[in-house]
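Me: Could you walk me through a protein structure that I have not seen before?
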Amino acid sequence: MNRPQSDHDYHLRYRCSAQWRSFLGALAHEMNTRIEPDQSRALMRRLGASMARNAPLPTLELLPDLEAAMNSVWAGMDWGWVELNDTNDALRIVHHCAPIEAAFGSGSRAWSPAVLEGAYEQWLRAAGAGDRLRVQQIATDTASAEPVYVFALAA
């Protein structure tokens, strides 16, 4: 193994299985060049909702228990971890170490995090959040080895 140039380089190289890297790179290229970003976001959101439906969470009432259940699913997929924080006007969702950029490249930042939006929205609606609340990405912190994605559940 050649020494990576940085921790970020290492994560980009090894967070996505080599058997999928070429395929996902080609898919990302097609999505970036042939599909409008809002259509790509909508597709990724639907995929995330489908992922969450395929990994339903148990019925839980407390936020720490919901966070732990979500983290159990993410750990089983090697998709990082989440923090849930009630900010009084919204539920803040901070997702760490998702392999999204490693799979699709940095050119996918406009659309790929929507897979997490869809998953969180599906899980939170199933937990009783209701249909009028929506998960929206509010920030991406790219200062760490892997981007940290920040979302909010609000009306």
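Reply: We can go from the overall layout to the core and then to a hairpin. This is a predicted model, in which local features need pLDDT of at least 70 and side-chain atom pairs count only at pLDDT 80 or more, while totals for chains, interfaces and linings use all residues. Residues are numbered from 1 along each chain as its sequence is written, and side-chain values use heavy atoms, with hydrogens and water left out.

Me: How many helices and strands does the protein chain have?
Reply: The protein chain has 6 helices and 4 strands, where helices (H or I, at least four residues) and strands (E, at least two) are DSSP runs numbered from the N terminus. From that end, their order is α-α-α-α-β-β-α-α-β-β.

Me: Which residues touch the most other members of the largest nonpolar core?
Reply: They are Met 70, Trp 74, Ile 93, Leu 116, Tyr 120 and Leu 124, in a core of 36 residues. Such a core is a set of buried (under 20% relative accessible area, 1.4 Å probe, protein chains only) Ala, Val, Leu, Ile, Met, Phe, Trp, Tyr and Cys residues joined through side-chain atoms within 4.5 Å.

Me: And which element gives the most to this core?
Reply: That is α6, with 7 residues.

Me: What is Met 70 in contact with, leaving aside its neighbours within four places in sequence?
Reply: Met 70 is in contact (heavy atoms within 4.5 Å) with Leu 57, Val 82, Leu 84, Tyr 120, Trp 123 and Leu 124.

Me: Switching topic, in what sense do β1 and β2 pair?
Reply: They pair (DSSP finds at least two bridges between paired strands) in the antiparallel sense, over 6 bridges. Asn 85 stands opposite Arg 92 in β2, and in the hairpin, with 4 residues between the strands, Asn 88 takes a positive phi near 75 degrees.

Key
Buried means under 20% relative accessible area, exposed over 50%, partly exposed in between (1.4 Å probe, protein chains only).
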